[in-house]
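Dear colleague,

I am passing on the structure below, followed by notes on what turned up when I went through it. Please read them with the model open beside you.

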Amino acid sequence: MLPRDAEVKGWKLKEGPAYYDSSTLYEVINGASAGYMAYGFKQMAKADYAATDIADFTEDIVVEAYRMRSPLAAFGKYSEERSSCDPPAKNQPPGCSRGSDRLLH
């Protein structure tokens, strides 16, 4: 699910992908794994990307992709998370922003 190195123009893979399951998710998301487990968490993949040839852009992008037990379970977790979007998302698929984060289902 995550873009491979140089697959997206202007971005290169800096680190990863790394894969996490129910026994390792707790550490990588700072103890917030219980909310994901409640929705049938299966696996998370994470990779960091650095900009190449993008003028004045120095920040990296971290992509996390979560596999849940079903599309409905994934949407349930997304629906819970989007309540804290800026402003809170109401019927605004497929995603919303929360600070520097972008949430997508």
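F41 is buried, at a relative accessible area of 7%, where buried means under 20% relative accessible area, exposed means over 50% and partly exposed lies in between (1.4 Å probe, protein chains only). Please bear in mind that this is a predicted model, in which local features need pLDDT of at least 70 and side-chain atom pairs count only at pLDDT 80 or more, while totals for chains, interfaces and linings use all residues. Residues are numbered from 1 along each chain as its sequence is written, and side-chain values use heavy atoms, with hydrogens and water left out.

The aromatic residues come next. The structure holds three aromatic pairs, a pair being two rings of Phe, Tyr or Trp (for Trp, its six-membered ring) whose centres lie within 6.5 Å, with planes under 30 degrees apart counted as stacked, over 60 as edge-to-face and the rest as tilted. F41 and Y66 form one that is edge-to-face, at 6.3 Å centre to centre and with 65° between the planes. This pair links distant parts of the chain, since F41 lies in strand β2 (residues 41–51) and Y66 in strand β3, 25 residues apart; helices (H or I, at least four residues) and strands (E, at least two) are DSSP runs, numbered from the N terminus. Y66 counts as partly exposed, at 24% relative accessibility. F75 and Y78 form a tilted pair, at 6.0 Å centre to centre and with 45° between the planes. Both F75 and Y78 belong to helix α3, where they are three residues apart, about one turn of the helix. An α-helix has 3.6 residues a turn, so residues three or four places apart point the same way. F75 is partly exposed at 34% relative accessible area, whereas Y78 is buried at 6%.

Y36, F41 and Y66 form one aromatic cluster. K77 lies over the face of Y36, at 4.5 Å from the ring centre; a charge sits over a ring if NZ of Lys or CZ of Arg is within 6 Å of the ring centre and within 35 degrees of the ring normal. K77 is also one of the buried residues of α3 (residues 71–81), along with A73, G76, Y78 and E81. The cover over these buried residues includes α2 (33–37), β3 (61–68), β4 (95–98) and β5 (101–104).

The largest nonpolar core has nine residues, including Y20, Y36, F41 and A73, a core being a set of buried Ala, Val, Leu, Ile, Met, Phe, Trp, Tyr and Cys residues joined through side-chain atoms within 4.5 Å. The elements giving two or more residues to this core are α1 (25–28) and β2. Apart from it lies another core, of six residues, among them W11, A47, Y49 and A65.

K14, in strand β1 (residues 11–20), counts as exposed at 54% relative accessibility. Leaving aside neighbours within four places in sequence, K14 is in contact (heavy atoms within 4.5 Å) with D48, Y49, A50 and D60. K14 and D60 are 46 residues apart in sequence and 8.5 Å apart in space, C-alpha to C-alpha.

With best wishes
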